[in-house]
Structures are given as C-alpha cells and as structure tokens.
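Let's take a walk through this structure together, one piece at a time. Have the sequence and the 3D view open as you read.

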Amino acid sequence: FNKTFFIVDGFDFVIDDFYDISNVASINVEADDFVDRSRLMGIYGDLSLDFKRTHYLTLTGRNDWSSTLPNGNNSFFYPSVSYGFVLTELVDLGVVEYAKLRSSYAVTGNDAFQNYLTTNFFVSGGSTQGQLSYFPNSTIGNNELTPEFTQAFEVGTDLRTRNNRVRLDLTYYNTSSRDQIVVIPIANSTGYSNFVTNIGQIDNRGWEALIEADILERKISKPNKVWWTSSLNFTRNRSEVVSLAEGRENIALPSNGLASTQSRVIVGYQYGVLFGPRWLRDADGNILTNDQGYPIKDDEDGVIGDPNPDFTMGWRNSFGWRNFSLSFLLDIRVGGDMYNGTRAVSSRLGTHIDTENREEVFVWDGVNEHTGEPNTIPIRFDEEFFINTEDNLVGVSEYYIEEVNWIRLRDI
C-alpha cells in the first residue's frame, strides 16, 4: 500500500487565545510518503467424496508463494484431510435421530507477519540542520526465515435428538505450532533492540463442547405459548512451550506497565506465564522466614503465576411469548492468575485497604530459614513489613498475584 502524510505545526501565537494555524509567527511543514509492497500467490484445490450419505471424505491442498519470506524459503505447501461417519444411517439409536463421528488432520502455513523482515534497512530521521538524515532500523532482519506451520488433529461428534430438541457438539483437539516468526528483544549494546527469528514449538490441547436445548419448544401453530431455548458452550485449553529458539529458554513478551513483572514464554510452562520477584522457598515449597518472622525475598526472579484459565463457559438463554422476546448471555471464567500492580504500589505507599489494619498482629505462614521449624514469631503489616521484605516500589510480585474468576452478564 502507499501512505502519505503531512504535519503542519507552528510556534508563537500572535493573538492570545486564538488557536488557529494562521495565527502563528512561524510555520513548519513536514511531509513524507512511502510504499509498502508485498505479494502473496497461491494455488488451492479440494476434493469431496461421500458414499451413501454415510461416509464423507474431504481432501484439500494449498501452496503459497510469499514475498515476505527469503528466496528459497518463500514457497510452502499445506494439506488437510477430514472424515465423517454418520452412524444413524446404519443403526437406529432410538431417541438420537442423528449421530455423526468426525475426525480431521490439517496443516496450516503462514508467511511473515509484515514486510521487510529479511534484511536490514534505514529509516528516515527527519531533517538535521537542513539536511535529510537516516539511521538503521532497530530490528535486525533475518534472511533465513522459514514459514510457520501449525499441525492440528481433531476428533468429535455431533448428536441430535428427535426434532432437534437437544443438540450436542463435542470436540477434542491437539495442535502443534512450529517455527513461529517472532521479534525477540536483544541487548541494546548490539546497536539494535530486536531480532527477527523462528522459534521452536508450542503445543495446545483441549476440549470444546456446545449443548443446545429447546426446553420449551417454539411452535408457530401456538403463538400464545411461552418458548425457552438455552445453549451452553465450554472450552478448556492447555498449552505447553516445548522448545524455543536455539540457546533460549524463555522470551519476554511485549508489555506495558510495571517492569518488575512480565509475561514470558518459558520452556516447560504454559504460554505467557507471569515472571517476577518471588518468595524464597524450601524444597517442600514452604516460604522461608527470617529470625524476625518476616518472609524472605528470593534473590532470583521466577514463575509466579499462570494467567491461563482452567476453563471458560458461555451460557445464553432466550425466552419468548407472542411478539416479545428476551435473551441474555452469561460469560463464565474459572481459574487463572493476574498481577495486581495497582495494589502493589498502593500497599507500598500505605494507601491500599490491605494496610488499613496495620497494627494488627499476625504470624506469617512459613518455616524458619535456619531451624526448618514452623514460624511462630508475630509481626505487623506496617511499614516495617515492607522495609523487611521489599526493596523497590512494587516489592515481591508473588504477593500480589490474584486468582481470576468471574460470572459476567455480557448482553441482554
């Protein structure tokens, strides 16, 4: 695409409180334009077969050529195959009017997410003393990039009772993404800030279910009858970072806010776990306390939480009578962690509600670092607590990890 922009600014208003570009003593005009070109070409084919409305087979294949990948790696092919078997065409299942078993295997290929990632280039630095200036882009290109591939395997079933009164879709999936193209932060001492590369492998597996039911059937012949339809969907996903780029065990994801806590991609963990300052623990996982009864901060940061939910659900109900209808959707989430940075800063400053009872005496649940015995020394949640356990504005991030659960009314 082509992009052109103009910026006009000025300095020193001639007439006070008259905010218009015509009312400035001097005007600067900045203009620029650039062309961003990419090309993606593809060939696609599919073959669908069915036998006696019982067996269904579909084969597909596609090959793409992309300009965002280097020569030699810019052509990639990805196929898929799916099979369905309608059991009720051969067997009478009574109240189950329709039953289908299905499975599929598919490979999906992707090129780079933007142009010009294979080489280094210069970008405009504007005007310097009346002369145009350019400087190197902060991201190092990579002329050995390869396409991304995701392999996905699914099995499932579709069930319907008579008159479609109850409907169930159930699916188990297992996917594996390899060679994902990402931007990795590097030391600024290299003269750059990022490097483009392919990373290793991330797997996902889980269940998806959708059940719908006409609890009170809607009949056109009986418009005065109340009807009620309900649907419930369920999703449970588990990811695992199997491998990353060579020589790397974790990658920090881009984030805003407090720098002490980050979302990271770490080998052996789920995608995007929370990483930051934590408590020092013994081999059994108990928090260690010092001889004054205060918990001890670990010298090394580590994994302190997992933001991925245990499962999510959506529940929609629709009611009707004559020309009136009502529908609402509940959004349900169970499990997963979040870092409450606002609470961390407010507690450190003594303005959070957690510090309201700062003179209250309590015993921290842990074991003494020297004796290994349960801690019995009382402390207060006052200024001394933060002085003894924290060494910066947000302190031990693990203490401010909170579990996320909710039931929300999404729409009505």
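## Strands side by side

Strands here are DSSP runs (E, at least two residues; helices would be H or I, at least four), numbered from the N terminus, and two strands count as paired if DSSP finds at least two bridges between them.

Before going on, a word about what you're looking at: this is a predicted model, where local features need pLDDT of at least 70 and side-chain atom pairs count only at pLDDT 80 or more, while totals for chains, interfaces and linings use all residues. Residues are numbered from 1 along each chain as its sequence is written, and side-chain values use heavy atoms, with hydrogens and water left out.

Now follow β11 to another partner. Strand β10 (residues 148–161) and strand β11 (residues 166–178) run antiparallel, joined by 12 bridges. Along the way, Val155 stands opposite Tyr172 in β11. The two strands form a hairpin with 4 residues between them, and Asn163 in the turn has a positive phi of about 60 degrees.

Go back to β14 and step across to β15. Strand β14 (residues 201–216) pairs with β15 in the antiparallel sense, over 15 bridges. Here Asp214 stands opposite Thr229 in β15. What does Thr229 stand opposite in β21? That would be Ser318. β15 and β21 run antiparallel too, with 9 bridges joining them.

## Rings that meet

Phe234 sits in strand β15 (residues 227–243) and Phe311 in strand β21 (residues 311–321), so to speak a link between distant parts of the chain, 77 residues apart. The structure holds 14 aromatic pairs, and rings of Phe, Tyr and Trp (its six-membered ring) count as a pair if their centres lie within 6.5 Å, with planes under 30 degrees apart called stacked, over 60 edge-to-face and the rest tilted. The rings of Phe234 and Phe311 have their centres 5.4 Å apart and their planes at 35 degrees, so this pair is tilted. Phe234 is partly exposed, with a relative accessible area of 27%, and Phe311 is partly exposed as well, at 22%. On this scale, buried means under 20% relative accessible area, exposed over 50%, and partly exposed in between (1.4 Å probe, protein chains only).

Next, look at two tryptophans. The ring centres of Trp279 and Trp364 are 5.3 Å apart and the planes stand at 65 degrees, so this pair is edge-to-face. Trp279 is in the loop between β18 (273–276) and β19 (288–289), while Trp364 is in the loop between β24 (361–363) and β25 (367–368), 85 residues apart. Are they buried or exposed? Both Trp279 and Trp364 are buried. They also belong to a cluster, in which ring pairs link them with Phe381, Tyr399 and Tyr400.

The loop between β24 and β25 also holds Gly366, which counts as buried at 10% relative accessibility. Gly366 and Thr289 are 77 residues apart in sequence, but their C-alpha atoms are 6.2 Å apart in space.

The charged end of Arg408 sits over the ring of Trp406, 3.6 Å from its centre, and that of Lys100 sits over the ring of Tyr56, 5.7 Å from its centre. For this to count, NZ of Lys or CZ of Arg has to be within 6 Å of the ring centre and within 35 degrees of the ring normal.

β12 (181–185) and β16 (250–252) each supply at least two residues of the lining. By class, the lining has 10 nonpolar, 1 polar and no charged residues. Ala, Val, Leu, Ile, Met, Phe, Trp, Tyr, Cys and Pro count as nonpolar, Asp, Glu, Lys and Arg as charged, and the others, Gly among them, as polar.

Finish with two loop residues. Most residues other than glycine have a negative phi. Lys52, though, has a positive phi near 55 degrees; its place is in the loop between β3 (40–51) and β4 (55–66), and it is exposed, with a relative accessible area of 65%. Tyr116 has a positive phi as well, near 60 degrees. You'll find Tyr116 in the loop between β6 (96–110) and β7 (122–128), partly exposed at a relative accessible area of 41%.
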